[in-house]
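Student: I'd like to go through the side-chain contacts here. Can you take me through them?

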Amino acid sequence: MDWKLFIKDTKNKFANLNNEIPNTFEGFNIMGKEAKKNGIVDEKTKEFVALGIAISTRCESCIGMHVESLIRLGTSREELVEVLAMCSYMGGGPSITFSAKALEAYEQLKN
């Protein structure tokens, strides 16, 4: 999979849906902004939680978007792999499969 192209396509689809349901997207964006802000738990940690949920729910779009955010936040490959080990442990075979996708996304998006 070409993760850069996949994320671009996903964002285009979101934009199209946003045109149809702008109030829903506005509410979602307000909720996301509040949830992601640094507090007692920093944004990077929150993005790792979101990535774990994305892996467990097998949402490739979410994996790509959260990996992209983790890269923006300066996540190292080593940090990511350590979190992916925990995701794999908690979710078994399906999570191992989607953790591998997350690592692939990181490697493509980081370059």
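**Side-chain contacts**

Tutor: Lys-44 and Glu-79 meet through their side chains in a salt bridge, 3.0 Å from N to O. A salt bridge here is a side-chain nitrogen of Lys or Arg within 4 Å of a carboxyl oxygen of Asp or Glu. This is a predicted model, where local features need pLDDT of at least 70, side-chain atom pairs count only at pLDDT 80 or more, and totals for chains, interfaces and linings use all residues. Residues are numbered from 1 along each chain as its sequence is written, and side-chain values use heavy atoms, with hydrogens and water left out.

Student: Which helices do Lys-44 and Glu-79 lie in?

Tutor: Lys-44 is in helix H3 and Glu-79 is in helix H5 (residues 77-110), so the pair ties together parts that are 35 residues apart in sequence. Helices (H or I, at least four residues) and strands (E, at least two) are DSSP runs, numbered from the N terminus.

Student: Is Glu-79 buried, partly exposed or exposed?

Tutor: Glu-79 has a relative accessible area of 30%, which means partly exposed. Buried is under 20% relative accessible area, exposed is over 50%, and partly exposed is in between (1.4 Å probe, protein chains only).

Student: How many salt bridges are there by this rule?

Tutor: The count is eight. One of them joins Glu-43 and Arg-72, with the closest N and O atoms 2.9 Å apart. Glu-43 lies in helix H3 (residues 43-57) and Arg-72 in helix H4 (residues 60-72), so this pair ties together parts 29 residues apart in sequence.

Student: Are those two buried or exposed?

Tutor: Glu-43 counts as buried because its relative accessibility is 16%. Arg-72, at 54%, counts as exposed.

Student: What does Lys-13 form a salt bridge with?

Tutor: Its partner is Asp-9, and their closest N and O atoms are 3.0 Å apart. Both residues lie in helix H1, four residues apart, about one turn of the helix. Lys-13 is exposed at 52% relative accessibility, and Asp-9 is partly exposed at 34%.

Student: New topic. How many aromatic pairs does a search of the whole structure find?

Tutor: Two. Trp-3 and Phe-6 form an edge-to-face pair, 5.6 Å centre to centre with 80° between the planes. Rings of Phe, Tyr and Trp (its six-membered ring) pair if their centres lie within 6.5 Å; planes under 30 degrees apart count as stacked, over 60 as edge-to-face and the rest as tilted.

Student: Where are Trp-3 and Phe-6 in the helix?

Tutor: They are three residues apart in helix H1 (residues 3-20), so about one helical turn separates them. Trp-3 is buried, at 0% relative accessibility.
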